[in-house]
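I opened the model today and kept short notes. Here is what I looked up, entry by entry.

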Amino acid sequence: MHPDIPQSVMDAVQQARHLVIFTGAGVSAESGVQTFRDALTGLWAEFDPAQLATADAFMRDPAQVWGWYEWRRALLLKVQPNVAHRAIARLQRVLPKVTLITQNVDDLHERAGSSAVLHLHGSLLAPRCFDCARPHPLAPPAGEPVQQAVQPPRCSSCGGHVRPGVVWFGEELPERALAAAFAAAQSCDCLLSIGTSGLVHPAALIPTMASRAGATVIHVNPDPVPVRHAAEYSLQGPAGLIVPLLAGGWLD
Ligand code: BJW
Ligand code: ZN
């Protein structure tokens, strides 16, 4: 069954002069990437973020943290973009201006053909030195994904531990990407928020900023999202079903 998408929502997306697409882990769920906070299937149902997703945890036990991220980097090689990623790339091609902002640390938007993706929480694929921040490119992981402790490589410049290029709790978001994301949220006429729990700050402010600036805001999520403004909508369903409908009507 097709969800009922109001015509005003279709119009707001398809006639947007500047559309912002803001994505979270839910957009990659149908590719087989685990979300964080889904009750039974999310990563945080199985693993403790305080032991894995903070700089303190890395300093305490670099091998445990590095091994966990290497496991997730290896899993990423096994998955493919889904129809929602592809529909987003299509919207970027056909609309006059689209800013794509993601909280995701995967590269599935890029692999689906999206360009200029603003990664607010970094990337699993951009490791850098914990001490001097120098990038430390790595070959794709060989073999099957295994969840085990692994000593991180050493920085070739200063000898520090190499860390995942993601943003951990308590760390600043990349300044330029965040500034560009906030500017886009404040100047767009429509914002599509897809597959995020909206719990992690400061990224969570982005849909509210767009609403306050007068944009139509549309949430896509299997769970209902509370709406607070007249031009705010919650479309309940998986991204893989709803986003292609919103992007429909154009040929690839
Ligand atoms: C589907 C679906 C389908 C399922 N289709 N949908 C202000 C207020 C309160 C707290 C703070 C605040 N300011 C700062 C904080 C602290 C903290 C924070 O926000 N904590 C809250 C959790 C309470 N923020 C920070 O620490 C940030 N830094 C910062 O603010 O620096 C300044 C500062 C420094 C020092 C002191 C104070 C301030 C950094 C946040 C970094 C977040 N990092 C992570 C981990 C990245 C690395 C890794 O991958 O391991 O980023 S946490 C994790 O959450 C990850 C995600 O990007 C992020 C957001 O999660 P997301 O994408 O929303 O996923 P889920 O799982 O939560 O939701 C999935 C959704 O999809 C659900 O709704 C499903 O229903 C839905 N779904 N299937 C569509 N098929
Ligand atoms: Zn270094």
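**Entry 1: the metal site.** I began with a definition: four donors count as tetrahedral if all angles lie between 85 and 135 degrees. Donors are N, O and S atoms within 2.8 Å of the metal (3.2 Å for Na, K and Ca), and water is not among the atoms, so sites may look incomplete. This is a predicted model, where local features need pLDDT of at least 70, side-chain atom pairs count only at pLDDT 80 or more, and totals for chains, interfaces and linings use all residues. Residues are numbered from 1 along each chain as its sequence is written, chains are lettered from A and ligands numbered from 1 in the order in which they are written, and side-chain values use heavy atoms, with hydrogens and water left out.

Which protein atoms hold the zinc ion (ligand 2) as donors? I found the SG atoms of Cys-129, Cys-132, Cys-155 and Cys-158, 2.2 to 2.4 Å from the zinc ion. The angles among these four donor atoms run from 100 to 117°, and the site is tetrahedral. For four tetrahedral donors the ideal angle is 109.5 degrees. Along the chain, the donors of the zinc ion (ligand 2) have the spacing C-x2-C-x22-C-x2-C. Cys-132 and Cys-158 both lie in the loop between strand S4 (122-129) and strand S5 (162-166), so this pair ties together parts that are 26 residues apart in sequence. Helices (H or I, at least four residues) and strands (E, at least two) are DSSP runs, numbered from the N terminus.

I then checked accessibility. Buried means under 20% relative accessible area, exposed over 50%, and partly exposed in between (1.4 Å probe, protein chains only). Cys-132 is partly exposed at 37%. Cys-158 is partly exposed too, at 43%.

Entry 2: I stayed with the loop between S4 and S5, where Ala-149 lies. Is Ala-149 buried or exposed? At 57% relative accessibility, Ala-149 is exposed. Setting aside neighbours within four places in sequence, Ala-149 is in contact (heavy atoms within 4.5 Å) with Ala-63, Gln-64 and Gly-67.

Next I looked at Arg-163, which is in strand S5. Arg-163 is buried, with 3% relative accessibility. What does its side chain pair with? The side chain of Arg-163 makes a polar contact with the side chain of Glu-171, at 2.7 Å. A polar contact is a pair of N or O atoms within 3.5 Å; within protein, one must be able to donate a hydrogen and the other to accept it, and residues adjacent in sequence count only if both atoms are side-chain atoms.

**Entry 3: ligand 1.** How many residues surround ligand 1? I noted 35, each with a heavy atom within 4 Å. The closest are Tyr-69, Gly-170, Thr-196, Ser-197 and His-201. An N or O atom in the side chain of Tyr-69 is 2.6 Å from an oxygen atom of ligand 1. A side-chain N or O atom of Glu-30 is 2.8 Å from a nitrogen atom of ligand 1. Gly-26 has a backbone N or O atom 3.3 Å from a nitrogen atom of ligand 1.

Thr-196 lies in the loop between S6 and helix H10 (205-212). Thr-196 is buried, at 16%. A polar atom of its side chain is 3.1 Å from the backbone nitrogen of Gly-198. The side chain of Gln-103 makes a polar contact with that of Thr-196, at 3.0 Å. Gln-103 lies in the loop between strand S2 (98-102) and helix H8 (108-111) and is buried at 12%. Phe-22 and Gly-24 are among the residues that Thr-196 touches, and Gln-103 is in contact with both as well.

**Entry 4: two helices.** Which residues of helix H1 (residues 7-14) are buried? They are Val-9, Met-10, Ala-12 and Val-13. They cover an arc of only 165° (from the directions of the helix axis to the C-beta atoms), which puts them on the same side of H1. The elements covering them include helix H7 (83-94) and helix H11 (239-246). In H11, the buried residues are Ala-239, Gly-240, Ile-242, Val-243 and Leu-246. They pack against H1, among others.

How values were computed. Tetrahedral: all angles 85-135°; square planar, octahedral: opposite > 155°, others 65-115°.
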